[in-house]
Amino acid sequence: MLQTRPDLGAPTPYTFPKPRRLTVGGGTVIAIDAPGQAFASVRLIHPAGGATEPQESMGVAALTNEALEDGVEGNSSLAPALERHGAEWVSRVTWDSFVTGVDAPANRLQDATALLAEAVRNPALRDEDVLRRRDQILERFWLDASVPSTLATRAVGGQLFTGRYATPLSGAPTALKKVTPQAVRDFHASSIAA
């Protein structure tokens, strides 16, 4: 039986909180006061994006970024460790940066940040984890190829740019297949842990 829709209520006004930039230690913190929400985000930004990769290892930054989520013990150990503190891993690579971080309740931030530091400084980067992550990126590449807009973006990128910028950030499949676990460990040591 079909029911009639309920009447819409009056919209309640909302004022977005104003961000503030604070200097803390050697960096800048963007703080937003959200009353009743004791939540914090921490980001580490390294100047080690796709544009800094060696030409023979296209996709190594994206693969390293994915492999960090396997944590210090490997086998996707980071997520469960963070979940015990109500925290979530955040990670991405752009052309110019390699970003890692955590989002966590403020009262658990110290523990979550310690796990972040461990994961970034001393990841396991086991061969089997890196190869599994590489296979996942390759599978995602081909899955995304079934989307016309993705194919168009890739085609235009190859026509507008040369060199590293002409290929997808995660590397083209042929190049990414050549990225070894040792290349990931080398990239991590020279660009992230350094």
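**Helix packing and loop residues in the predicted model**

Helix 4 (residues 127–144) packs against helix 7 (residues 181–192) at an angle of about 100°, and their axes lie 9 Å apart. Axes are lines fitted to C-alpha atoms, for helices over the stretch in contact, with angles running from 0 to 180 degrees between N-to-C directions. Helices (H or I, at least four residues) and strands (E, at least two) are DSSP runs, numbered from the N terminus. The two helices, helix 4 and helix 7, are therefore roughly perpendicular (65 to 115 degrees). Asp127, Val130 and Leu131 of helix 4 and Pro181, Val184 and Arg185 of helix 7 make the contact (heavy atoms within 4.5 Å). These contact residues are four nonpolar, no polar and two charged (Ala, Val, Leu, Ile, Met, Phe, Trp, Tyr, Cys and Pro count as nonpolar, Asp, Glu, Lys and Arg as charged, the others, Gly among them, as polar).

The model is predicted: local features need pLDDT of at least 70, side-chain atom pairs count only at pLDDT 80 or more, and totals for chains, interfaces and linings use all residues. Residues are numbered from 1 along each chain as its sequence is written, and side-chain values use heavy atoms, leaving out hydrogens and water.

Glycine 59 sits in the loop between strand 3 (39–46) and helix 1 (60–67). Glycine 59 is buried, at 0% relative accessibility (buried, under 20% relative accessible area; exposed, over 50%; partly exposed, in between; 1.4 Å probe, protein chains only). Beyond neighbours within four places in sequence, glycine 59 contacts Glu53, Arg164, Leu169, Ser170, Gly171 and Leu176.

Most residues other than glycine have a negative phi. Serine 76, between helix 1 and helix 2 (78–83), has a positive phi of about 55°. Serine 76 is partly exposed at 30%. Leucine 125, in the loop between helix 3 (109–121) and helix 4, has a positive phi of about 45°. Leucine 125 is buried at 6%.

Notes:
Angles under 35 degrees count as roughly parallel, over 145 as roughly antiparallel, 65 to 115 as roughly perpendicular and the rest as oblique.
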